[in-house]
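Try each task before you read its solution.

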Amino acid sequence: MAVAGFLVFAGAVGLLWSRNMVYGLLFLAMEGMALTIMVGSTERLSLVVVAIMAATLAIKVALIPGSMFRVISRWPTEFRQDQPLPFWAYPVAAGLLLAVGHVIELLTPTGIILHRTLFFYGLASVHLGLLMIVSRRHVMSQVGALVGIENGLVVLAASVAGALPTFMEFGMLVDLLVAAAILVWMSHRIHRQFKTIDVVALRRLRG
Amino acid sequence: MSIQYGLGPLIVIVLALLGVWLRARKIALVIALWVTMVLVVTAVATYSQVFHGDWQDILLLVVTVLATTSAWDSIWFLREHRGIRLERYYIWWALFWGALAAIVLAENLMVSWVAIEFSTLASGALVVEMGNRRALEAAWKYIVIASVGLALALIGIIFVYAGLRFQGLGWETLAYSNLSRHYHAIAPIVRGVATIFIVSGIGTKVGLVPFHTWLPDAHSEAPSPVSGLLSGALLGLCLVTIERFVAAVPQPPTALLSGPHLLVFYGVLSIAVGSLALLVQRDIKRLLAYSSIEQVGIMAIGFGLGTPLAELAAFLQLVFHAAIKSTLFYLSGHLSAVYHSKRLEKITDMAKTHPGLAVSWSLGILALAGIPPLGLGYSEWIMLHAMWETHQVWLIIVLSLALLVTFAALTYHLLSGLWGGLNFSQYSSNEDNKASGDSSSTAAFGEEMA
């Protein structure tokens, strides 16, 4: 389970670091695969667990990265790359990872954390996903960041609760599928209407 | 009741698809009639409970009334915006309605979360249906910001679940009734962290300051019948969800960042920002959106104070605001259509040119400004009374000032709209005047209105 958690964390680092959208999708698929294995290793195999594994595999490895790739592959090459990560993002990322260590120290006495290492991987992935949303400018990077945050949440949940109830697992999966479908559709429309994939172009409305 | 609610939106989807298949032009009318029928059934089923003050039935009735008015207004709206694809509009609309009903009926924190998330996605897709660039931008910001907020809320929910995992109840662990019975088994620090995440995360969907940045954009760019539901129903329901959690999982009185503290803090920020922003608005729907921020701020303070009188005031505020704001959003859509603009300086001489709309608009704005006996004045008075009882002098000062500014700003905009007698500054940013190219007629219309 710790290995699967590490793969999700490595995927989050890869997503943040990678400028190439196609590499980013590979990292997302890797996270999905790791989560599928984690679901299988957390609980005793039953029909429900197999169904959750199958749904995770279908949604997080095939459907979401696949639909994103389908849209990206229609765009000219210059739209398949994100801007370089701004310099400030590196120290912020380091600070966020250190903050996770502090949270672990704070929560350990309460007994809520079952697996400290897994907790680190989960919360760090969530933090890196949030950082990616504010530091990356490509619309697809933001979609990937949201999916990455949700993946991190699954690892976090496993570290504190062992396994989530079936309703929660399916609720999160379906929600992610619908959200990703709508955002990918919107990314396609943004590219078509704004002739760019840079979220900086979305600045006519200012809160 | 749940089955009836599942059936209500489902039949709308079926009717919308049938309408396209049969090319029936009057399908919007049939849908409105069906939703009205659901309202009648709901009113009959909840009649006795509503008069006994059952909050859940009252909210259910409010949601159904708003859905009905929204369905009728959609007929008019779709006639004004012929570029919108009817079947897609009604499918998302029905899902949004279903999500709103699910938020009311949820007895479990996780079900509430899923329903709120689906309401975001369905309403976000409805904003995109407007087809213009501004709507696309607003919808993007709305979905991304709200999703991040709800992801944070989910961290809080996971912590609460983990705190009670020893019960081995599965998802029933997160039932509000179970939480209120066993909250003391969760370590205080875990409860505190979860509360911060849940109040701030779902608070993003409520539009509480400082998480409000998506709200004026999304509410102003959404189709008007949807803006009415977003502002009138969704904001209040999300706030009630926070209140249900805060009431079920209280914290020690000594806790610094408890749920009530956070609600009062965000509420004060919201009424300050919301009321001041009203003064400088130049867009009719953004004016209403900022007013919503101010209104949810008042409700948040009421729920935060937590006394029976303050909660009654907050609840009344929610119900009155739902009725008034949804009506105003519908009217703003029609005013924008007849004036071919959403700019307040262009919507003038209403009293002469469109007297019917002018009377309705005036009544709505005066009600929103808190003029008695038009509802909100009554609930705001009770709120001030509740603050006085709990010796919250600073809150009384802040709320009084905010209400004064709100009254001044709304009456200023109302008088200008009715007779155009006041001079607006000729400010008009080049950016807003630039029409952006788009192929569909709806998009062109939307850009023109922008």
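**Exercise 1. The side of chain B that touches chain A**

Task: Find how many residues of chain B are in contact with chain A, and which elements they come from.

Solution. Start with the contact list of this predicted model. It pairs 38 residues of chain B with 34 residues of chain A. Next, sort the chain B side by element. Two or more residues each come from α5 (109-128), α6 (133-163), α8 (188-206) and α9 (214-221) of chain B. The largest share, 20 residues, belongs to α6(B). Last, sort this side of chain B by residue type: 24 are nonpolar, five polar and nine charged.

**Exercise 2. A:Thr56**

Solution. Locate the residue: A:Thr56 sits in helix α3 of chain A, residues 47-74. Now count neighbours. A residue is buried if 20 or more other C-beta atoms lie within 10 Å of its own. A:Thr56 has 25 C-beta neighbours inside 10 Å, so it counts as buried. Then list its contacts, leaving out residues up to four places away in sequence: A:Gly32, A:Leu35, A:Thr36, A:Val39 and A:Leu173. For a distance check, take A:Ser41. It is 15 residues from A:Thr56 in sequence and 14 Å away, C-alpha to C-alpha.

**Exercise 3. The largest nonpolar core**

Task: Work out which residues have the most contacts inside the largest nonpolar core.

Solution. The core holds 225 residues. B:Leu100, B:Ala139, B:Ile157 and B:Ile158 have the most contacts inside it. By element, α6(B) gives the most, with 23 residues. Finish with B:Leu100. Beyond four places in sequence, B:Leu100 touches B:Val63, B:Ser119, B:Leu229, B:Ala233, B:Leu234 and B:Leu237.

Definitions and conventions: Residues numbered from 1 in each chain as written. Chains lettered and ligands numbered in written order. Predicted model: local features only at pLDDT ≥ 70, side-chain atom pairs only at ≥ 80, totals over all residues. Contact = placed C-beta atoms within 7 Å. Helix = DSSP H or I, 4+ residues; strand = E, 2+ residues; numbered from the N terminus. Nonpolar A, V, L, I, M, F, W, Y, C, P; charged D, E, K, R; others polar. Buried ≥ 20, exposed ≤ 12 C-beta atoms within 10 Å, placed from the backbone. Core = buried A, V, L, I, M, F, W, Y, C linked by C-beta atoms within 7 Å.
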